Amino acid sequence: MYLKKAVFLILVGFYLINFSSCKSGADSPADAAALLTELKQWQIDEIVVNDAVTFKDGKLTKQSGGIDFERYMETVEVRKDGTFSGVFKGDAKPFILKWRQNDKNLTVGAADGAAKGGEWTIDPKDVSNEFFTMKTQSTAYDYPRMTRISLKFKAVK
C-alpha cells in the first residue's frame, strides 16, 4: 500500500516538474516583449517556407521548385526602445527595423513606419526565454502565389 502511494507521489511530482518547466509561450504581448528584450541577442535556428524547412542546424537546404533564401539575419536584438536590429549573413552593419506591441501580438516592420506591407508578426505563444518565432506571408517572393515564412531564433546566452 505504501509503495503504491510512494510511486503515485513520485509520478505526480515528475508530472508537475515537467509541465511547469515546459511553458508553451508568453501569456500576453507585454510578457512576450519582456522576454524578447531581456536577452541581448538571438540567433537564427530555423527557416520554414510554406511548411518546408529550408534552414536548420546552420545549413540551407534547397527545395525543388521552392523559394531559396541565401540572405537571412543570423542574429537579432530586440531592444526596449522599439528597435529590432538584425545582422545579415556576411554583413557587418546591422539592419534596423522597428517592433511594436499591440493588443494581440508584436509586429516588426520598417523603421520609418511608412511601409505597411511586409510586416512580421510575433505571437506571444511563440515566445519563451529559449526561442521565438516570427512569421509573415506575402506574394512578394513568388507572385502571385502567397508565401508563408517563419523564422525561429534561439537565445544566445
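T75 counts as buried because its relative accessible area is 18%, which falls under the 20% limit. The model is a predicted one, and T75 has its place in strand 4 of that model.

**Surroundings of T75**
- Leaving aside neighbours within four places in sequence, T75 is in contact with Q41, W42 and Q43, and also with S85, G86 and V87.

**Strand 4 and its partners**
- Strand 4, which covers residues 73-78, is mostly covered, since five of its six residues are buried.
- With strand 5 (residues 83-88), strand 4 pairs in the antiparallel sense over five bridges.
- These two strands, strand 4 and strand 5, form a hairpin with four residues between them, and in the turn G82 has a positive phi of about 95°.
- Strand 1 (residues 41-49) also pairs with strand 4 in the antiparallel sense, over two bridges, and W42 has V76 as its bridge partner in strand 4.

**The nonpolar core**
- The largest nonpolar core has 31 residues, of which W42, F84, F132 and M134 touch the most other members.
- When residues up to four places away in sequence are not counted, F132 touches L36, W42, V76, F84, I122, D126, V127, L151, K152 and F153.

Terms used. Residues numbered from 1 in each chain as written. Predicted model: local features only at pLDDT ≥ 70, side-chain atom pairs only at ≥ 80, totals over all residues. Heavy atoms only, no water. Buried < 20%, exposed > 50% of the residue type's maximum accessible area, 1.4 Å probe, protein only. Pairing = 2+ DSSP bridges. Core = buried A, V, L, I, M, F, W, Y, C linked by side-chain atoms within 4.5 Å. Contact = heavy atoms within 4.5 Å.
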